[in-house]
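Work through these exercises on helix packing with the model open. Try each task before reading its solution.

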Amino acid sequence: MKRYTVKDLSSEEKLRLLCSNGFWYTMDFDGKLPAAAVSDGPVGLRAERKNEKGETVTLASVSYPSAQLLANTWNKDCATLLGECLADDCYEKNVDILLGPGANIKRHPLNGRNFEYYSEDPLLAGEMAKSYIEGVQSRGIGACLKHFCCNNSEYNRFEQSSEVDERTLREIYYVPFEIACKAKPVSMMSAYNKINGQYASENKKGFKVLREEFGFDGAMYSDWEAVRNRTLSAKAGCDIEFPFNEENYKKFTEDYKSGKITEEELDACAQRVLNLAYRCKEMQTGKGVKRTVEQRFEAAQKIAEEGMVLLKNEGAILPLKKGVKAALFGCYAKPEAGMIAGDGSSRVVPLTKKFDLGKLLEEELSVKIPFETMFYYDKVLGTNGYAHYAAKPHVGKNMAAAADINIICVGTGVNIEAESYDRTDMRLPLAQERAILDLAAINPDTVVIIFAGSAIDVSAWEDKVKAIIYAGFCGERGMEALCNILCGKVNPCGKLSETFPVNYCRSAVASGYCDTAATRYTEGVDVGYRYYDRHPKDVKYPFGFGLSYSEFKYSDLKIKAKGLCAEVCFAVENVSAIDGSEIAQVYVQECSPTVYRPVKELRGFAKVKIKAGEKANVCISLTERAFAYYSVAEDCWRVNDGAYKIFAGSSSQNILLSKTVFIEDGKIKF
């Protein structure tokens, strides 16, 4: 096939090329050009096709743990693995470009799409997105990094303006995209919202930063139906509008004829679209499906096992002992397919149709485990369960009072966390909180499993139960992963990629200004733990926190430096009798800054497996950026001379080692 350039296309063809072909394809002009097929699916492929009746149906595919749970692994290899598996799903459904990952910052705990995003911290979010893209594209499928930029709430998302100062953009909201661009994604998607009054699809200033500073060389396209003015978006550098919009296309053509967009501007966009189509086909040469469906299930389970977070384990009630008399409660213990997930463009039709934690536990514990629904989402229904049976012995029932340990599965799901609207509350539905309290009142040896996509307010019941596991939206092998953790076959090793505040009113954004037109990012660079470091009493579970069945000890911090780069090394010892994995984190603080800076910022992390009684040496490299802030006055990153503290710890609020270094004349000194 001849490789066409913009010189081979007429102006009419270039205009049409920039407006896509239907809902999921780039324009091919009846085979003249290769077409690229795109599809939703950052946590599992959501491919839509026409059936024999002409109806649009969503094809079933492997449902993986959500981005939020993936980030809780703090394991870049898990992100790469997920990307590789998703590429296999794409090959099977004839998809060339996967619309993911989402690298937006989790600024607001009630954002309806938080389950699609990685973290409140830009370094962690960027590194996970970068590894995910590398995994997808290593297998010949293109990735689409999204949503650029400041898509941090679903409230009136088509018109809301995210009002963000330049320094905060540079230090927080741009950074995940900057890091992810190192993986050379073939495409990127602009957001729905406005940024400082300008629609994201017309964000010429931001697109210039992406291309000229971050090295993005792919095609930029709009989120679906996000384009208001095709001409302005094209002039800004938005290459493809999705889906095809007849009215926008006609106006675009008229504007071209009247000189509102130049041939040079049109050519720049068209060439990038051509490059995208050819690049996707070339990437696939010699590649195809690598893993079987069963192997992809195994990968999904591995990620879920590494991403679930043990938040509480009083009296070492977990892991469960074989033969323990346990009772199981809550509709989430036996959810229907797709229930434990967020809704919207990333919702997957899973291949597995039935999930049953009780049966899995019975097999592992060699006991019969009674079950009572108690509630269904946010309701207590006579047809779904008998809540009062659960809280006391009843004829024919052997429930809370008779069990040694109660396990109750609670959470959110597709009718609470979703694209297009935000959550109304950080708390669980009242019916679920009542169920937890009723069970704990009868038997405090209660274990709570939370299936959710973002932070949960646990204040009403946390002190009344013995253990809590944050299972997240864990995919279709999540129940197997959870069972393995509950029974001790897997040692929990996930840590929170976002802070859990005590409640919403004490979150960083609760008092911020928001109306139907604009949201002011008044907290500036103090996003997530950067805010809570100054308000530690507002935190229930800090960023980077997670328990293990193992216990770890940190020691022997040493720092080597060359210029403005440093290598931070320290020992982590497993002082328990159980093999485990620890996520060690390195933070940096400028001691006497000349501009406002957060108390400390995450600058590196490592996940290490350590056998019982053994010690691992952890080394984390820091570059010049680890000490820098963005100077708006100078339009560049700047490192001040002065004293800096380097911290190593197991969470943002559990710093175990520290050392002070000094920067003078562009060099680190001791």
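Predicted model: local features only at pLDDT ≥ 70, side-chain atom pairs only at ≥ 80, totals over all residues.

Residues are numbered from 1 along each chain as its sequence is written, and side-chain values use heavy atoms, with hydrogens and water left out.

**Exercise 1.** Describe how helix 12 and helix 15 cross.

Step 1. Take the axes, which are lines fitted to C-alpha atoms over the stretch in contact, with angles from 0 to 180 degrees between N-to-C directions. Those of helix 12 (residues 357-365) and helix 15 (residues 478-486) come within 10 Å and cross at roughly 40 degrees.

Step 2. Classify the angle. Helix 12 is therefore oblique to helix 15 (under 35 degrees is roughly parallel, over 145 roughly antiparallel, 65 to 115 roughly perpendicular, the rest oblique).

Step 3. List the contact (heavy atoms within 4.5 Å). Helix 12 supplies Leu357, Leu360, Leu361 and Glu364; helix 15 supplies Met479, Glu480, Leu482, Cys483 and Leu486.

**Exercise 2.** Determine how many residues of helix 15 are buried, and what covers them.

Step 1. Apply the cut-off: buried means under 20% relative accessible area with a 1.4 Å probe, protein chains only. Eight of the nine residues of helix 15 pass.

Step 2. Find the cover. It includes helix 11, helix 12, strand 15 (446-451) and strand 16 (467-470).

**Exercise 3.** Compare the span of helix 11 with its expected value.

Solution. Helix 11 (residues 293-307) has 15 residues. Its first and last C-alpha lie 21 Å apart, close to the 21 Å expected at 1.5 Å a residue (1.5 Å times one less than the number of residues).

Note on methods. Helix = DSSP H or I, 4+ residues; strand = E, 2+ residues; numbered from the N terminus. Buried < 20%, exposed > 50% of the residue type's maximum accessible area, 1.4 Å probe, protein only.
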